[in-house]
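Me: I am new to this structure. Please take me through it in short steps.

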Amino acid sequence: MAHSAAPHIDEAEFVRLSGASEAQISALRTYRDLLTDWNQRMNLVGPATLPDFWGRHAWDSAQLILLAPEARTWADLGAGAGLPGIVLAILGQGREGFHVHLVESMAKRCRFLEEVVGALDLPATIHNDRAENLSRDVDIVTARACAPMTRLLGYAKPWLDGNNTALFLKGQDVASEIEEARSAWRFEAELLPSASDPRGRIVRLRNKIHARRS
């Protein structure tokens, strides 16, 4: 059976779905404009996806807050263009204790993230390093278009202590990724439907990740 296409989500529909305030929408517009500008000079997102910013990028990221409404501290591994981390920081701005750690190994992408965080005065810290070299005490560990599950679990392992949760945004082939990852890692995964695209999935992990012995 063919999968249905993702529904078109414009700004008004994003507001309805997310409950975003006027100030948050204004910040998201600024982020979209900066992303569009910088994307002409470096590969941050596929240019063809920018016209569908509100659905493909903003709502795809924002849905994570609905899955973890009480979470205050987040880590976005392989933050790249700031998805989902920048969107989360915009929607969490003003909440007591809300903070996003944006972890990105490429310096030029960190410069983009620094411009957005500075322009919008967001509650976020940028770490120009590889995720597996760092760890912070966070409620949620997330990633989007970062790496296949086998490698992603290696990046995330230092961040997951068994008391927090991982929410990874993935595509329709995630089941095969998980099956392959089980040859290297022991973990418990729950697949959740994506609210932004019926073809997508969100992988939720609530336990520590253990490497399998060879």
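Me: Why is helix α4 largely enclosed by the rest of the structure?
Reply: This is a predicted model, where local features need pLDDT of at least 70, side-chain atom pairs count only at pLDDT 80 or more, and totals for chains, interfaces and linings use all residues. Residues are numbered from 1 along each chain as its sequence is written, and side-chain values use heavy atoms, leaving out hydrogens and water. Helices (H or I, at least four residues) and strands (E, at least two) are DSSP runs, numbered from the N terminus. Buried means under 20% relative accessible area, with a 1.4 Å probe and protein chains only; α4 (residues 85–92) is largely enclosed because eight of its eight residues are buried.

Me: Which strands stand at the edges of the sheet?
Reply: Two strands pair if DSSP finds at least two bridges between them. The open, mixed sheet has seven strands in the order β3-β2-β1-β4-β5-β8-β7. Each edge strand has a single partner, so one side is left without a neighbour in the sheet; the two are β3 (124–127) and β7 (189–193).

Me: In which sense do β5 and β8 pair, parallel or antiparallel?
Reply: β8 covers residues 201–205. Leucine 169 stands opposite isoleucine 202 in β8. Over five bridges, the sense of the β5 and β8 pairing is antiparallel.

Me: Which strands does α4 touch?
Reply: Contact means heavy atoms within 4.5 Å. α4 packs on the sheet. The strands touched by α4 are β1, β2 (99–103), β3 and β4.

Notes. Buried means under 20% relative accessible area, exposed over 50%, partly exposed in between (1.4 Å probe, protein chains only). Axes are lines fitted to C-alpha atoms, for helices over the stretch in contact, and angles run from 0 to 180 degrees between N-to-C directions.
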